[in-house]
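Below is a short note for a colleague who has not looked at this structure before. The points are numbered so that each can be checked on its own.

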Amino acid sequence: MPKAKLDAIDQRIIGELQADARLSNVDLADRVGLSPSPCLRRVKRLEQEGIIEGYRAVLNRDSVGLGFSAFLAVKIVGHANEHALAFEDIVCAMPEVLACHLVSGDSDYLLEVVTADLEHYRQFLVERLLTLPIVREVRSNIAIQTRKAAAPLPLEHSQ
């Protein structure tokens with residue numbers, strides 16, 4: 001897939017929306033130096049091109065009772081594409097899994113998982129993830145403290 005060409009105004013629009021997706025079009029246009037109509041056209045184009053995939057509220061995990069985070073290095077049995085794709089589909093459908101990455105190295109996948117507490121994590125691990133026949137090994141790394149998460153993407157590389 002070719003990389004999108006983003007000019008300086010596109011980058012400013014994306015940067016502003018990453019910082020505050022609730023900006024009105026008028027405020028966004030003012031911040032990036034456009035009038036509202038061309039600004040809205042640019043935002044719509046960025047959405048249509050898939051550069052902007054969506055908008056969401058970022059929640060405080062502790063406040064909603066999901067203060068336990070773990071990163072799981074998962075090895076699967078065999079590497080046939082259909083088995084790997086099935087694994088991805090299953091874990092991506094699990095609400096506790098925030099991210100699923102196919103990785104190189106000692107493991108095949110790296111999962112970011114959130115639960116309410118250690119007991120709920122144990123239930124997720126033992127009763128759901130480890131029951132999948134394709135899962136060969138799981139190594140858990142428990143987050144003790146989170147200093148940065150869900151940060152905006154850095155766009156300096158495209159200048």
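1. How many disulfides does the count come to? The model is a predicted one, and its count of disulfides is zero. A disulfide would require two cysteine sulfur atoms within 2.5 Å. For the sulfur of C92, the closest cysteine sulfur is that of C100, at 4.3 Å, so the two are too far apart for a bond.

2. Two of the cysteines can be described by their accessibility. C39 is buried, with a relative accessible area of 0%. C92, in contrast, counts as exposed, at 52% relative accessibility.

3. The strands deserve a look next. Strand β3 covers residues 109-115. Six of its seven residues are buried, and the strand is therefore mostly covered, given that buried means under 20% relative accessible area.

4. Strand β3 pairs with β1 and also with β2. With β1 it runs antiparallel, and seven bridges join the two. With β2, which spans residues 97-102, the pairing is again in the antiparallel sense, over five bridges.

5. Strands β2 and β3 form a hairpin, with six residues between the strands. In this hairpin G105 takes a positive phi, near 110 degrees.

6. A150 is found in the segment after β4, the strand of residues 135-142. Is A150 buried or exposed? A150 has a relative accessible area of 55%, so it is exposed.

7. Which residues form a nonpolar patch on the surface? The patch is made of L59, V64 and L66, which together have about 260 Å² of accessible area. V64 lies in the loop that runs between α3 (36-48) and β1 (68-76). With a relative accessible area of 47%, V64 is partly exposed.

Terms used
Residues are numbered from 1 along each chain as its sequence is written. This is a predicted model: local features need pLDDT of at least 70, side-chain atom pairs count only at pLDDT 80 or more; totals for chains, interfaces and linings use all residues. Side-chain values use heavy atoms; hydrogens and water are left out. Patches are made of residues with over 30% relative accessible area and no salt bridge: like charges are joined within 9 Å, nonpolar side chains (Val, Leu, Ile, Met, Phe, Trp, Tyr) within 5 Å. Accessible areas come from the Shrake-Rupley method with a 1.4 Å probe; for residues, only the protein chains shown count as cover. A salt bridge is a side-chain nitrogen of Lys or Arg within 4 Å of a carboxyl oxygen of Asp or Glu. Helices (H or I, at least four residues) and strands (E, at least two) are DSSP runs, numbered from the N terminus. Buried means under 20% relative accessible area, exposed over 50%, partly exposed in between (1.4 Å probe, protein chains only). Two strands pair if DSSP finds at least two bridges between them.
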